[in-house]
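Here is a short briefing for a first look at this structure. Keep the sequence and the 3D view open while you read.

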Amino acid sequence: MERSAGLALPVAVTAVPRRPVSVRGLLFLLAAAIVSGCDDGVQGPTPGRPAFDGSLALDLVRTQVAFGPRVPGTDGHAAQLAWMLARLDSLAPVVTADTFTHVTTASADTLTLVNVRARFQPEATRRILLLAHWDTRPTSDQSTDPERAALPVPGANDGGSGTAVLLALAELLASAPPPLGVDLLFVDGEDYGPGVEDMLLGARRYADTLEEDDRPIYGVLLDMVGDADPLFPVEGISSQFASPVVRKVWRAAERLGHARYFPSSVGQDLTDDHVPLIQAGIPTANVIDFSYGPANAFWHTPDDVPSNVSAETLGMVGEVVTELIYSGG
Ligand SMILES: [Zn+2]
């Protein structure tokens with residue numbers, strides 16, 4: 001994920017001719033807006049909602065980091081893929097692994113990448129999508145020390161946290177059937193880089209190959225959701241292009257008493273996996289705390305380690321998406 005250069009991205013969103021946010025996209029937004037208006041009367045948390053386990057999520061972060069960096073082409077990447085597939089196969093009725101390649105703009109390297117999707121209530125036509133990237137950054141390019149900058153990012157928070165929340169959520173979805181279809185999507189190649197042309201690769205692939213019958217009504221992206229000092233202002237592009245989804249997620253947080261950590265203020269525009277989905281007409285909100293450590297000092301550095309990730313924060317975010325799902329989406 002990268003900071004967006006101000007207005008450049010919103011212009012690109014409206015200018016992409018391949019799949020414009022056209023009448024179809026606007027209808028989705030309108031439908032989502034109408035639906036979101038219906039939950040205004042919901043005051044408290046949804047009764048019977050299963051309990052999300054933040055300490056399990058932290059264990060899942062530790063397991064991922066122990067594989068080593070999950071950079072495409074490395075042993076850690078392969079080990080994590082096998083582990084995710086084994087876990088999900090035991091929990092979800094339908095699990096798919098979509099393998100594809102990307103030739104990098106920066107170095108003409110061919111990357112082999114895999115998106116993993118686990119589908120719950122696969123027959124349901126009304127579906128939502130929750131996604132996170134499972135790969136990690138090859139270099140710590142935000143480190144000020146050149147020796148440390150050459151190291152891969154451990155990815156406890158950036159890659160590990162969203163993946164852990166979705167894997168822990170899969171356990172709940174397996175034990176307590178959700179009231180609508182839920183697709184968990186683990187996208188690869190989000191953070192390869194260094195430039196944006198070699199990033200967001202799995203999300204682009206998903207958006208480019210999505211079958212109409214499989215189309216979710218909206219998406220929620222989890223990225224960097226484990227900081228010990230959490231704050232989730234509304235990400236700027238989500239605010240502009242997925243405000244009905246933002247409203248649903250932030251209201252779920254409010255119902256659980258987490259409004260302090262999910263303020264309605266709008267933060268930075270961030271180029272992240274939600275952008276290709278928005279461009280494909282799937283309104284998608286990015287839940288991201290882009291202030292990781294003091295002055296974001298742990299982001300894209302070797303300090304992105306499990307000791308800087310909090311079970312409480314993972315638990316809060318997991319609880320919010322659980323509430324979103326079991327309140328009806
Ligand atoms: Zn990153």
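Two strands count as paired if DSSP finds at least two bridges between them. In this predicted model, Leu 131 has Leu 221 of S6 as its bridge partner. The protein chain holds 11 helices and 8 strands.

**The chain overall**
- The protein chain has 329 residues, and 50% of them are buried.
- Take the contacts between residues at least 6 apart: 81% of them join residues at least 24 apart.

**The sheet**
- Six strands form an open sheet in the order S2-S3-S5-S4-S6-S8, and the pairing is mixed.
- Its edges are strand S2 (94-103) and strand S8 (284-288), each of which pairs on one side only.
- Neighbouring strands of the sheet are turned against each other by 20° on average, direction ignored.
- Strand S4 (residues 127-133) runs parallel to strand S6 (residues 218-223), and the two pair over 4 bridges.

**Helices on the sheet**

**A helix pair: H3 and H11**
- Helix H3 (residues 54-66) packs against helix H11 (residues 311-326) at an angle of about 115°, and their axes are 7 Å apart.
- Angles of 65 to 115 degrees count as roughly perpendicular, so H3 is roughly perpendicular to H11.
- The crossing of H3 past H11 is right-handed.
- H3 contributes Gly 54, Ser 55, Ala 57 and Leu 58 to the contact.
- H11 contributes Ala 311, Glu 312, Leu 314, Gly 315 and Gly 318.
- Sorted by class, the contact of H3 with H11 has 4 nonpolar, 4 polar and 1 charged residues.

**An enclosed helix: H7**
- Why is helix H7 (residues 201-209) largely enclosed by the rest of the structure? Because 7 of its 9 residues are buried.
- A residue counts as buried if 20 or more other C-beta atoms lie within 10 Å of its own.
- The buried residues of H7 are Leu 201, Gly 202, Ala 203, Arg 204, Arg 205, Tyr 206 and Ala 207.
- Their cover includes strands S2, S3, S4 and S5 of the sheet, along with helix H10 (274-279).

Notes
Residues are numbered from 1 along each chain as its sequence is written. This is a predicted model: local features need pLDDT of at least 70, side-chain atom pairs count only at pLDDT 80 or more; totals for chains, interfaces and linings use all residues. Axes are lines fitted to C-alpha atoms, for helices over the stretch in contact, and angles run from 0 to 180 degrees between N-to-C directions. A residue is buried if 20 or more other C-beta atoms lie within 10 Å of its own, exposed if 12 or fewer, and partly exposed in between; C-beta atoms are placed from the backbone. Two residues are in contact if their C-beta atoms, placed from the backbone, lie within 7 Å. Angles under 35 degrees count as roughly parallel, over 145 as roughly antiparallel, 65 to 115 as roughly perpendicular and the rest as oblique. A crossing is left-handed if the near helix is turned anticlockwise from the far one by less than a right angle, and right-handed if clockwise. Ala, Val, Leu, Ile, Met, Phe, Trp, Tyr, Cys and Pro count as nonpolar, Asp, Glu, Lys and Arg as charged, and the others, Gly among them, as polar.
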